[in-house]
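Hi,

Here is the structure I said I'd pass on. Have a look at it first, and my notes follow below.

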Amino acid sequence: MAMTEPTLKTNTVTHVDVLIVGAGISGIGSAYHLQQQCPDKSYAILEMKETFGGTWETHKYPGVRSDSDLYTFGYRFKPWIGPPIATADEILKYMGEVIEDNGIDQHIRYGHRITRCGWSSERNLWTVEATRLADGVQAIFTCNFLWMCQGYYNHEQPYIPEWPGLDDYQGRFVHAQLWDPDIDYTGKRVLVIGSGATAATVIPAFAEKAEHVTMLQRSPTYFFCSENKNELADRLREIGIDEPTIHRVVRAQIMHDQNVLTQRCLDEPDAVFEELKELIRQYAGEDFEFEPHFTPSYRPWQQRLAFCPEGDVFKAAAAGKLTVVTDTIDTFTPKGVRTSSGEELEADIIVAATGFRLSVMGEIPFEVDGKPVAWNDTVTYRGMMFTGVPNMLWVFGYFRASWTLRVDMLGDFVCKLLNHMDAIGAKRVEVALRDEDRNMPILPWIEEDNFNPNYLMRDLDRLPRRGDKPEWRHNQDYWSERVEIPAIDIQGPEFLYDGKRRSETRQAPKTASA
């Protein structure tokens with residue numbers, strides 16, 4: 001899906017109404033909504049990679065697949081046809097069809113690394129500086145609105161703990177995010193460090209060809225085992241219902257079921273855990289032992305549930321192809337890892353599935369009127385806009401529901417906002433605390449008891465801050481936001497247009513003369 005780009009000269013300036021950063025699942029979806037709802041707006045997408053796909057292009061490890069169902073991870077506007085859990089190649093094919101069918105490819109500028117974003121209130125304009133990676137040429141883009149769709153983690157530098165003795169290890173060490181598809185693990189002893197969604201994906205794939213797989217985890221994870229099919233979708237197809245209707249109905253069914261499960265995880269976590277264990281037994285056998293390796297210390301959904309299609313992780317364990325060790329690392333050794341309890345785990349290949357390194361706004365330096373933006377000094381408006389930063393929105397999706405649900409929702413919101421600005425002749429919009437928010441506590445981005453994966457907790461202090469009111473936090477609750485965000489009053493006092501609240505622009509009543 002590469003496109004032919006015009007030759008750029010140093011300091012060439014390209015202006016568009018809207019600049020989208022990132023050609024992953026968020027950026028492509030946002031571009032679609034912009035084209036549909038603001039057809040007169042010019043736009044471009046800047047993408048650092050040489051192709052689209054984002055996460056699905058970054059990760060090359062064996063078995064890479066979605067950990068959300070594609071009926072909700074897929075876009076609202078394009079039906080998903082296929083198994084709920086899809087491979088990276090299937091997701092890239094789906095995205096490629098969206099790009100091709102809607103002419104989005106002509107707007108993408110691949111191979112551009114953004115080096116600076118600066119806002120000028122005098123010009124009501126963003127200036128975005130980028131380096132074209134193919135030849136080092138500097139390109140400058142200006143835009144009226146900046147739509148940040150670059151995600152939330154560093155695609156080039158994953159998180160690797162500072163393990164003692166790592167340099168002593170004589171086998172092959174690789175982080176899953178940096179996996180080289182040319183690595184041959186056939187007949188090898190593979191050690192996977194970690195127990196989250198990535199580990200749940202690579203372990204069944206490794207188990208197919210490796211001599212043996214060991215999973216070393218510091219603490220257990222919750223797994224949700226199920227067949228990789230949706231009975232409602234299959235039945236609706238069987239009786240001849242059209243795909244758009246199937247997509248809409250199945251999305252509604254899945255979102256309803258997820259909402260019920262999320263609430264039950266809060267209200268009756270022990271009962272949910274027993275049900276999760278029963279699902280595992282369907283694949284691993286009635287006598288499968290859960291202690292100590294599959295009994296997490298936190299309640300379900302405080303961290304992401306690892307989806308396990310067809311129970312493949314537990315089938316590998318029951319078949320003797322997988323050994324699970326729950327312990328911490330004392331040190332790496334020439335042959336593998338020695339745990340804190342003294343057990344030596346020998347391996348030919350060690351794969352770190354230790355998670356992401358959080359990235360705030362792609363680590364791009366931002367300035368507003370010449371002053372650097374410190375994101376942790378801003379307060380977020382519903383996890384998408386930020387005090388003191390005009391004409392910009394960050395797409396930050398959901399952890400307990402499919403990321404793309406918020407892509408569609410915020411696409412509607414941005415287009416509504418842009419059309420409103422045109423209608424009132426405004427050039428600048430920003431969010432600001434109201435008088436009623438003056439004494440509001442300013443708190444970290446998210447409550448630790450709400451969602452607390454390690455990658456988020458490690459760098460929580462780098463993220464924007466939140467308040468204790470619904471408007472000033474990202475509550476990670478799709479089921480409330482699907483009502484609240486479409487109902488946002490964009491003339492409310494939290495929005496400033498050209499530096500003024502709408503109430504301040506209305507003509508004051510005339511006073512009677514003496």
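Helix 1 (residues 25-37) packs against helix 10 (residues 403-424) at an angle of about 35°, and the two axes are 9 Å apart. Keep in mind throughout that this is a predicted model. The crossing of helix 1 and helix 10 is right-handed. On the helix 1 side the contact is made by Ile-25, Ser-26, Gly-29, Ser-30, His-33, Leu-34 and Gln-37. Helix 10 answers with Trp-403, Thr-404, Val-407, Asp-408, Gly-411, Asp-412, Cys-415, Leu-418 and Asn-419. Sorted by class, the residues of this contact come to six nonpolar, eight polar and two charged.

Next, the helices around helix 7 (243-267). Helix 6 (residues 231-238) packs on helix 7 at about 155°, with the axes 10 Å apart. Since anything over 145 degrees counts that way, helix 6 is roughly antiparallel to helix 7. Their crossing is right-handed. Helix 6 brings Leu-232, Ala-233, Leu-236 and Arg-237 to the contact, while helix 7 brings Glu-243, Ile-246, Val-249, Val-250 and Gln-253. That contact divides into six nonpolar residues, one polar and two charged.

Helix 7 also packs with helix 8, here at an angle of about 120° and with the axes 6 Å apart. These two helices are therefore oblique to each other. Leu-261, Arg-264, Cys-265, Leu-266 and Asp-267 of helix 7 meet Pro-269, Ala-271, Val-272 and Glu-275 of helix 8. By class that gives six nonpolar and three charged residues, with no polar ones.

Which of them gives the most? Helix 7 does, with five residues.

As for cavities, searching the whole structure turns up one of 30 Å³ or more. The largest cavity has a volume of about 40 Å³. Its lining is made up of Thr-221, Tyr-222, Phe-223, Phe-273, Leu-276, Ile-280, Phe-294 and Phe-314. Helix 8 gives the most to this lining, with three residues. Seven of the lining residues are nonpolar and one is polar, with no charged residue there.

Two backbone details are worth a look while you have the model open. The peptide bond from Glu-291 to Pro-292 is cis, with omega near 0°. Pro-292 sits in the loop between helix 8 and strand 11 (306-309). The other is Glu-310, where phi is near 60°, a positive value in a residue other than glycine. Glu-310 lies in the loop between strand 11 and helix 9 (312-318).

Cheers

Notes: Residues numbered from 1 in each chain as written. Predicted model: local features only at pLDDT ≥ 70, side-chain atom pairs only at ≥ 80, totals over all residues. Heavy atoms only, no water. Helix = DSSP H or I, 4+ residues; strand = E, 2+ residues; numbered from the N terminus. Axes fitted to C-alpha atoms, helices over the stretch in contact; angles between N-to-C directions. Parallel < 35°, antiparallel > 145°, perpendicular 65-115°, else oblique. Left-handed = near helix turned anticlockwise from the far one by under 90°. Contact = heavy atoms within 4.5 Å. Nonpolar A, V, L, I, M, F, W, Y, C, P; charged D, E, K, R; others polar. 1 Å grid on protein atoms, 1.4 Å probe; cavity = no way out; pocket = protein on both sides within 12 Å on 5 of 7 lines; lining within 4 Å. Points joined across faces, edges and corners; volume = space filled by probe spheres on them.
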